[in-house]
Amino acid sequence: MKSYFRPEIDAIAGYAPGEQPKMSNLIKLNTNENPYPPSPEVLKVLHNFDPARLRRYPDPTADGLRDIFAASVNMKRENVIIGNGSDDLLTMIFRAFTDKDRSVAVFEPTYSLYPVLAAMQGAEVTRIALDKENFSYPDNAVELAGDANLLIITRPNAPTGNCADKELVRNICRNFDGIVLIDEAYSDFAADNCSEFAAEFDNVLVMRTFSKGSSMAGLRLGYAFGNKILIDGLMKLKDSYNVDMLSQELAKANFLDVQYRAECTAKIIADREKLTGELQKLGFKVIPSQANFLFASPPDGDGAGAFAALREEAVIVRYFPGEITGKYLRITIGTPEENARLLEVLAKRY
Ligand SMILES: *Cc1c(COP(=O)(O)O)cnc(C)c1O
């Protein structure tokens, strides 16, 4: 049959999400989910929710959430937009700022969804290589981004886990003539974040998700904040009711339990440092991580072999083929028991 699709769609393979295997007794350390459940306050809201309310549409702009997110970063409701996961926000951002005449610049390696969204827009992607050994950022990123209309900084970066130096990010925000999106999906686990740049610079958007630090990947909730003009523009192309009523309420209950989230995060950070040391003892090269995962290369540099050996033992991590990334595994920090099992399997091999 002849294709009725736009050529851009026929040309792309589509994004490959990390697998969500159905096997039981599996140790799942492949998609950077949180090993701890969301706040107990979430269960209370679920218990008390009257299903009759679902007859009505939700608040289209989720203003209750916008207000609490805005307050947490010293901004106003008008500076915040809510997404059905931050992937939904990424779709809006690519639709808003990229097309065949407006390219996007990304660092390499980074989150593999960005090039897929660019391809859907028919937009070119400029890839700015990170250092081959330690994944540090080049000083001349603005120059390398050329005339791109959108530049994305993932901080901490995925899949490498390191953070671009904050002063370097500030310089990029100041000097890049286009939109700078700072994707802070993992900032809960980092020593600092760039939230203030959203107020300091007119061309900066900062984006967060509930999927990693907030233990709610299944809920689908993200938010972005920045200058009112940018938020107003994105609002024009958002689906009217992009976040459902129940998600709005459950997210709010979880977000407001600041102490509970901080406790879970602190456990994960402590276990990340512990696992780093233990992998190093086995001879792994581990990139110092500011996220809830490690990017680690086995002593023989055979990422694919290590991935397969773990899978044999029902421990699932993430492997990204490629000349540089293929030497590594990306390992989500799990519970102490899960991390111990991972080490046990690796210790047999190395
Ligand atoms: C997980 C992740 C996202 C997507 O988060 P969702 O809110 O689950 O859509 C966005 N950016 C990066 C870098 C991520 O790792």
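Rings of Phe, Tyr and Trp, the last represented by its six-membered ring, are taken as a pair if their centres lie within 6.5 Å, and planes under 30 degrees apart count as stacked. In the predicted model described here, the structure holds 16 aromatic pairs. One of the pairs is formed by Phe-69 and Tyr-223, whose ring centres are 3.9 Å apart and whose planes meet at 15°, so this pair is stacked. Phe-69 belongs to helix α3 (residues 63-72) and Tyr-223 to strand β8 (residues 222-226); the pair therefore ties together parts that are 154 residues apart in sequence.

The ligand sits in the largest pocket. The residues around the ligand are Gly-85, Ser-86, Asp-87, Tyr-111, Thr-154, Asp-183, Ala-185, Tyr-186, Thr-209, Ser-211, Lys-212 and Arg-220. By class, this shell comprises 3 nonpolar, 5 polar and 4 charged residues. In the case of Ser-211, an N or O atom of the side chain is found 2.6 Å from an oxygen atom of the ligand. On its own, the ligand has 380 Å² of accessible area, of which the protein covers 93%.

Backbone geometry was also examined. Most residues other than glycine have a negative phi, and most peptide bonds are trans. Two cis peptide bonds can be described against this background: one joins Arg-155 and Pro-156, with omega at about -5°, and another joins Ala-158 and Pro-159, with omega at about 5°. Pro-156 is located in the loop between β5 (150-154) and α7 (166-175), and the loop between β5 and α7 is likewise the place of Pro-159. A further feature of the backbone concerns Ala-62, which has a positive phi of about 50° although it is not a glycine.

Conventions:
Residues are numbered from 1 along each chain as its sequence is written. This is a predicted model: local features need pLDDT of at least 70, side-chain atom pairs count only at pLDDT 80 or more; totals for chains, interfaces and linings use all residues. Side-chain values use heavy atoms; hydrogens and water are left out. A residue is near a molecule or strand if one of its heavy atoms lies within 4 Å of it. A polar contact is a pair of N or O atoms within 3.5 Å; within protein, one must be able to donate a hydrogen and the other to accept it, and residues adjacent in sequence count only if both atoms are side-chain atoms. Accessible areas come from the Shrake-Rupley method with a 1.4 Å probe; for residues, only the protein chains shown count as cover. On a 1 Å grid over the protein atoms alone, a cavity is a set of points where a 1.4 Å probe fits but cannot get out, and a pocket is an open set with protein on both sides within 12 Å along at least five of seven lines; lining residues have an atom within 4 Å of a point. A molecule sits in a cavity or pocket if more than half of its atoms lie within 2 Å of its grid points. Ala, Val, Leu, Ile, Met, Phe, Trp, Tyr, Cys and Pro count as nonpolar, Asp, Glu, Lys and Arg as charged, and the others, Gly among them, as polar. Rings of Phe, Tyr and Trp (its six-membered ring) pair if their centres lie within 6.5 Å; planes under 30 degrees apart count as stacked, over 60 as edge-to-face and the rest as tilted. Helices (H or I, at least four residues) and strands (E, at least two) are DSSP runs, numbered from the N terminus.
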